[in-house]
Amino acid sequence: MTEQGGAHHIVEPDIVEPARSIPVFGEFDIAVIGGGPAGIAAAAAAARLGRTVLLIERYGFLGGMGTAAGVTNFCGLHANVHGDIRQVVHGIADDLLDRIAALGGLNEPHLIFGKTKAQAYDTAAYKIAADDLLVSRGARLLFHAYAAGISMDGDRIDAVLIETKSGRMAVRAGVFIDCSGDADVAAFAGAPFDDDGDSGTLFPTMMFRLNGVDAEAAGEAWRTVPMLMDEAEKRGIRFPRKGAILRPQKHAIEWRVNVTQLATANGRAINGTDALELSHGEIEGRKQALAFFEFLKANAPGFEDSYIVDIPPQLGIRETRRIRGAYSLTRDDVLSCASFDDAIGVNGWPIEAHVAGDVQWEWPDIPNVRGYNHLPYRMLIPARVRNLLVAGRCASMTHEGQSAARVSGACFVMGEAAATGAHLALADGVMPSEIGVTKLQETLKTNGVFLGTDL
Ligand SMILES: Cc1cc2nc3c(=O)[nH]c(=O)nc-3n(C[C@H](O)[C@H](O)[C@H](O)COP(=O)(O)OP(=O)(O)OC[C@H]3O[C@@H](n4cnc5c(N)ncnc54)[C@H](O)[C@@H]3O)c2cc1C
């Protein structure tokens with residue numbers, strides 16, 4: 001049995017926990033850990049394929065960083081395909097988008113630097129739509145359940161151990177899909193991963209939303225506010241980062257603000273798997289949000305009467321552990337729009353690196369190239385642990401590859417493909433790494449996934 005080890009030994013010696021037997025909550029074909037975009041797509045796809053599936057989520061709602069960290073915006077659904085900006089992520093994502101739109105919570109896609117598009121949504125609509133998607137397809141949801149360890153059977157996971165208000169329990173499954181964003185289950189199980197916590201992951205951001213904005217007066221604040229910030233810097237005002245992103249939500253009196261940046265005392269990114277650093281980041285993030293709000297109110301037209309309507313439940317974490325899998329998606333793959341024989345869908349988002357004090361963008365040579373790279377099935381396959389797949393921002397990617405393919409669009413693709421791979425493995429009585437790729441691609445295509453293999 002492996003347990004999550006505390007990073008900080010505050011008082012020695014450790015306590016030895018007595019062995020105890022744990023009730024089994026249930027046994028499923030597939031267990032999905034984490035309900036962000038990857039986990040939503042994985043659980044919905046597994047249920048659609050007729051599998052019994054349980055999604056285990058530590059919060060009381062779905063959406064992951066998209067709701068819990070207030071992201072409120074889908075990137076990576078679109079790509080600039082030789083100058084034609086179009087949606088390239090479909091499959092389960094379409095079903096989810098339709099449900100959010102039906103609730104009146106989806107913006108029209110907006111341009112990003114004139115090169116691609118992103119699409120904002122209301123958090124409440126996303127939560128309701130995601131519940132509805134999973135429940136209507138027959139997936140089971142267990143909220144307020146934190147995966148805290150695993151029980152191994154040789155090189156396979158026998159059960160995931162969860163902490164809940166009703167006590168500690170075990171969940172058995174044929175295949176586990178780790179969509180925790182932090183590769184928690186993979187780490188518990190001893191699958192190798194990269195964790196650049198000490199050297200440089202992407203910096204986290206505390207998002208916040210304002211209400212009471214006069215949208216007409218605010219105009220294109222995403223363009224003008226960064227200029228106001230430059231002027232303020234000349235007057236000696238310091239901001240945690242450049243590259244402020246301010247955009248209206250569905251109802252234009254409400255805006256999201258993506259501008260804070262959380263670092264440790266020695267200037268590196270807060271480590272999203274370290275409880276003490278996270279605690280510092282939450283407090284400091286709220287302080288930064290307040291300071292920036294006061295700057296906007298005093299300096300930016302349209303924001304004079306605004307107020308902070310929401311600081312989300314948690315600090316926004318972009319990157320922690322990334323598994324070292326059968327293939328790691330790289331910077332070059334993104335910039336060269338790489339093709340793979342085992343394509344499971346595409347990523348059309350560029351490299352968006354949240355570095356100290358700034359956001360740096362690197363794009364493929366659009367419109368001369370097709371504007372997206374394939375995502376290979378191998379990036380979901382961890383080493384050592386046979387009945388586990390890992391999807392989402394903790395899949396197998398280099399730091400730079402993750403700086404692009406971490407966004408929601410690619411996470412939907414990975415989640416749906418992981419569930420489809422798990423389904424085929426169960427059907428054929430093999431491990432997920434042993435399935436036939438052609439069958440996987442055919443099944444994905446039948447379910448509306450755009451594989452991007454025709455260009
Ligand atoms: C500030 C910020 C701004 C961003 N802006 C955008 C944007 O505009 N557009 C965009 O598309 N992307 C954006 N991203 C990136 C994107 O939100 C994430 O990369 C994406 O949500 C990752 O999806 P995921 O499913 O892999 O993981 P996550 O969204 O992190 O979801 C993981 C889920 O697993 C749960 N979980 C974690 N550990 C456990 C556990 N041990 N047990 C049970 N449950 C667990 C979490 O509660 C969470 O619900 C942004 C990210 C941040 C932080």
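User: What should I keep in mind about numbering and confidence here?

Analyst: The model is predicted, so local features need pLDDT of at least 70 and side-chain atom pairs count only at pLDDT 80 or more, while totals for chains, interfaces and linings use all residues. Residues are numbered from 1 along each chain as its sequence is written, and side-chain values use heavy atoms, with hydrogens and water left out.

User: What makes a residue part of the shell around the ligand, and how many residues surround the ligand?

Analyst: A residue is near a molecule if one of its heavy atoms lies within 4 Å of it. The ligand is surrounded by 34 residues, and the closest are Glu-57, Asn-73, Cys-75, Arg-406 and Ser-408. By class, that shell holds 16 nonpolar, twelve polar and six charged residues; here Ala, Val, Leu, Ile, Met, Phe, Trp, Tyr, Cys and Pro count as nonpolar, Asp, Glu, Lys and Arg as charged, and the others, Gly among them, as polar.

User: Which element gives the largest share of the shell around the ligand?

Analyst: Strand S10 does, with three residues. Helices (H or I, at least four residues) and strands (E, at least two) are DSSP runs, numbered from the N terminus.

User: Why is His-354 called buried?

Analyst: Buried means under 20% relative accessible area, exposed over 50%, and partly exposed in between (1.4 Å probe, protein chains only). His-354 has 1% relative accessibility, so it counts as buried. This residue is found in strand S20 (residues 351–355). Its side chain makes polar contacts with the side chains of Glu-352 at 2.7 Å and Arg-318 at 3.4 Å.

User: What is Arg-384 called, buried or exposed?

Analyst: Arg-384 has 63% relative accessibility, so it counts as exposed. Its place is in the loop between strand S22 (373–376) and strand S23 (388–390). The phi of Arg-384 is near 75°, a positive value in a residue other than glycine.

User: Where else is there a positive phi in a residue other than glycine?

Analyst: Thr-72 has a phi near 55°. Most residues other than glycine have a negative phi, and most peptide bonds are trans. Thr-72 has a relative accessible area of 0%, so it is buried. As for cis peptide bonds, one runs from Glu-12 to Pro-13, with omega near -5°, and another joins Ile-366 and Pro-367, with omega about 5°.

User: How do you know that Glu-282 forms a salt bridge with Arg-286?

Analyst: A salt bridge is a side-chain nitrogen of Lys or Arg within 4 Å of a carboxyl oxygen of Asp or Glu. The closest N and O atoms of Glu-282 and Arg-286 are 3.9 Å apart, so the pair is within the limit. Both lie in helix H8, four residues apart, about one turn of the helix. Glu-282 counts as buried because its relative accessibility is 15%, whereas Arg-286, at 37%, is partly exposed.

User: How many salt bridges are there by this rule?

Analyst: The count comes to 27. Among them, Arg-386 and Glu-434 meet at 3.2 Å, N to O. That pair links distant parts of the chain, 48 residues apart. Asp-95, Arg-99, Asp-132 and Arg-137 are linked in a network of salt bridges.

Technical notes:
A polar contact is a pair of N or O atoms within 3.5 Å; within protein, one must be able to donate a hydrogen and the other to accept it, and residues adjacent in sequence count only if both atoms are side-chain atoms.
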